Amino acid sequence: MQALNIKGHIVISDDIESEVTRLEGELKPFRVVKFVVIGEVFKLEHAKAVLAESYISESTTKYIIIGSSDLSDVAQNSLLKLLEEPPKNIEFIIISPTKSNLLRTVRSRLPILKINNHHVVHELELNLARLDYKDVFSFLKEHSRVKKEDAKELVQALFHRATVVDMLILSPLQLDNFDMAYRLLSLNSRPQSVLAMLLMSFAREK
């Protein structure tokens, strides 16, 4: 079975159930185990179930999805070591409606991806696996007047393109850049500069 290259991350989404459905489709045919708690607190007992599932040996990648609008601090703390040093072939995806629901220590262990549930993800023609400097400059020129919120959607689309369409294994720097891109855009950094930072980490000379 071909290895899937989507790495663990945090998804900020106001529609947890829809996001779980989307992920299940994208992650096929790999095994996905869901620990999704809607309408109540994600407690220590739920975290213990995640721990137990995580240490079941896997020969191929298994994705464990944790989703809740209210994760208790005790439950999150019990998962810290697991998130920092996951067992072989285990990837975690945490879904929460806001970053403030997650402990800073949890947020520091996985890159954050924000999903805007009210807009469709842009379908990009850009091939990040074969990106060169000319492609970068053309993309930046095309989006020279992009606004902050639209730039956030482009960042989301680039992440989707890299991990799902082009099936790339992202380096720690590239993953950090995606997380940083959202933070910079939220701080009103110039969208073109943020997009350039992301794309240059994929570009190669020709």
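A residue is called buried when its relative accessible area is under 20%. Keep that in mind for the close-ups below, which all show a predicted model.

**View 1. Phe159 and Phe178 form an aromatic pair that is edge-to-face.** Both of these residues, Phe159 and Phe178, are buried. A search of the whole structure finds 2 aromatic pairs. In the pair shown here, the ring centres are 5.2 Å apart and the planes meet at 85°, so the pair counts as edge-to-face. Which helices does this pair connect? Phe159 belongs to helix H6 (residues 148–165) and Phe178 to helix H7 (residues 172–186), so look for two distant parts of the chain, with the partners 19 residues apart.

**View 2. Phe178 also pairs with Phe202.** This pair is edge-to-face too, with 6.3 Å from centre to centre and 65° between the planes. Here, too, distant parts of the chain are linked: Phe178 sits in helix H7, while Phe202 lies in the segment after helix H8 (191–200), 24 residues apart.

**View 3. Five strands make an open sheet with parallel pairing.** If you follow the sheet across, the strands come in the order E2-E3-E4-E1-E5. Which strands stand at the edges? They are E2 (31–37) and E5 (112–114), and each has a single partner strand, so one side of each has no neighbour in the sheet. From one strand to the next, the twist averages 20°.

**View 4. Strand E1 runs parallel to its partner E5.** Strand E1 covers residues 9–12, and its pairing with E5 extends over 3 bridges. Where can you find a facing pair of residues? Look at Ile12, which stands opposite Lys114 in E5.

**View 5. Three residues form a nonpolar patch on the surface.** The members are Tyr133, Phe137 and Met200, and together they have about 300 Å² of accessible area. Tyr133 is part of helix H5, which spans residues 133–142. Why does Tyr133 count as partly exposed? Its relative accessibility is 31%, and partly exposed covers the range between the buried limit of 20% and the exposed limit of 50%.

Methods. Residues are numbered from 1 along each chain as its sequence is written. This is a predicted model: local features need pLDDT of at least 70, side-chain atom pairs count only at pLDDT 80 or more; totals for chains, interfaces and linings use all residues. Side-chain values use heavy atoms; hydrogens and water are left out. Patches are made of residues with over 30% relative accessible area and no salt bridge: like charges are joined within 9 Å, nonpolar side chains (Val, Leu, Ile, Met, Phe, Trp, Tyr) within 5 Å. Accessible areas come from the Shrake-Rupley method with a 1.4 Å probe; for residues, only the protein chains shown count as cover. A salt bridge is a side-chain nitrogen of Lys or Arg within 4 Å of a carboxyl oxygen of Asp or Glu. Helices (H or I, at least four residues) and strands (E, at least two) are DSSP runs, numbered from the N terminus. Buried means under 20% relative accessible area, exposed over 50%, partly exposed in between (1.4 Å probe, protein chains only). Rings of Phe, Tyr and Trp (its six-membered ring) pair if their centres lie within 6.5 Å; planes under 30 degrees apart count as stacked, over 60 as edge-to-face and the rest as tilted. Two strands pair if DSSP finds at least two bridges between them. Axes are lines fitted to C-alpha atoms, for helices over the stretch in contact, and angles run from 0 to 180 degrees between N-to-C directions.
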